[in-house]
Amino acid sequence: IKKCKTDAEEGIEWDNPDRPEATNLLSIYSAVQPGRSRESIIEEVKDMSWGEFKPVLADAVVAHLEPIQTEYAKIREDEDYLMGVLRDGADAANGVASYTLQAARVAMGFVPPPK
C-alpha cells in the first residue's frame with residue numbers, strides 16, 4: 001500500500017476522474033470497512049495527506065484480513081481435518097468427472113450407450 005501511486009494534490013476525494021488513484025484507494029478502504037458510508041469515510045480522511053492515509057488504510061486491511069488469517073492457521077494446524085476435507089472434495093469431483101467422462105465416451109462413440 002505504501003508503494004501505491006498517488007498524486008501531489010492536497011486532500012483525498014472520491015470519483016474525481018483526474019484522480020483515479022484516490023478513488024482506487026478509497027474503494028479499498030470502503031471494502032474493508034463494511035457498514036460505513038462513503039460520506040463517513042470522506043469525512044474521516046478528506047483532510048489527510050497520502051502519507052497519513054496510507055497507514056490508516058494498511059491497518060484497516062490488516063484488521064479486515066486478521067479473522068481470515070486466524071481461521072486459515074487453525075485449519076492448517078489440524079492435518080486430519082484438512083486431509084478429510086481434501087479427500088471429500090476429491091471424491092465428489094471424481095463422481096462428477098466419471099459421469100462426464102462416460103457421457104463424453106458415449107457421445108464420441110467409444111463405448112455403446114447404456115441399455
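**Exercise 1. Which residues does Phe53 touch, not counting residues up to four places away in sequence?**

Solution. The model is predicted.
Step 1. Set aside residues up to four places away in sequence; Phe53 then touches Ile12, Leu25, Leu26, Tyr29, Val45 and Met48.
Step 2. Check burial. Phe53 has 0% relative accessibility, and buried means under 20%. Phe53 therefore counts as buried.

**Exercise 2. Describe how helix α1 packs against helix α3.**

Solution. 
Step 1. Locate the helices. Helix α1 covers residues 20-31, and helix α3 covers residues 50-77.
Step 2. Take the geometry. The angle is about 35°, and the axes are 9 Å apart. The crossing of α1 past α3 is left-handed.
Step 3. List the contact. From α1 come Glu21, Ala22, Leu25, Leu26, Ile28, Tyr29 and Ala31. From α3 come Trp50, Phe53, Lys54, Val56, Leu57, Ala60, Val61 and His64.
Step 4. Sort these residues by type. The contact of α1 with α3 has 12 nonpolar, 1 polar and 2 charged residues.

**Exercise 3. Find the aromatic pairs and classify them.**

Solution. 
Step 1. Count them: the structure holds 2 aromatic pairs.
Step 2. Take Tyr29 and Phe53. Their ring centres are 5.4 Å apart and their planes stand at 80°. Planes over 60 degrees apart count as edge-to-face, so this pair of Tyr29 and Phe53 is edge-to-face.
Step 3. Tyr29 lies in helix α1 and Phe53 in helix α3, so the pair ties together parts 24 residues apart in sequence. Tyr29, at 2% relative accessibility, counts as buried.
Step 4. Take Trp50 and Phe53. Their ring centres are 6.0 Å apart with planes at 65°, so this pair is also edge-to-face. Trp50 and Phe53 are 3 residues apart in helix α3, so about one helical turn separates them. Both Trp50 and Phe53 are buried.
Step 5. Join the pairs. Ring pairs link Tyr29, Trp50 and Phe53 into a cluster.

**Exercise 4. Where is Leu25 found, and what does Leu25 touch?**

Solution. 
Step 1. Leu25 is found in helix α1.
Step 2. Its relative accessible area is 1%, so Leu25 is buried.
Step 3. Leave out residues up to four places away in sequence. Leu25 then touches Cys4, Thr6, Trp50, Phe53, Lys54 and Leu57.
Step 4. Compare the chain with space. Leu25 and Ile12 are 13 residues apart along the chain, and their C-alpha atoms are separated by 9.7 Å.

**Exercise 5. How many residues has the largest nonpolar core, and which elements give two or more of them?**

Solution. 
Step 1. The largest nonpolar core has 15 residues.
Step 2. Those with the most contacts inside this core are Ile12, Leu26, Tyr29, Val45 and Phe53.
Step 3. α1, α2 (38-45) and α3 are the elements that give two or more residues to this core.
Step 4. The largest share of this core comes from α3, with 5 residues.

Note on methods: Residues numbered from 1 in each chain as written. Predicted model: local features only at pLDDT ≥ 70, side-chain atom pairs only at ≥ 80, totals over all residues. Heavy atoms only, no water. Axes fitted to C-alpha atoms, helices over the stretch in contact; angles between N-to-C directions. Helix = DSSP H or I, 4+ residues; strand = E, 2+ residues; numbered from the N terminus. Left-handed = near helix turned anticlockwise from the far one by under 90°. Contact = heavy atoms within 4.5 Å. Nonpolar A, V, L, I, M, F, W, Y, C, P; charged D, E, K, R; others polar. Core = buried A, V, L, I, M, F, W, Y, C linked by side-chain atoms within 4.5 Å. Buried < 20%, exposed > 50% of the residue type's maximum accessible area, 1.4 Å probe, protein only. Phe/Tyr/Trp six-rings, centres within 6.5 Å; stacked < 30°, edge-to-face > 60°.
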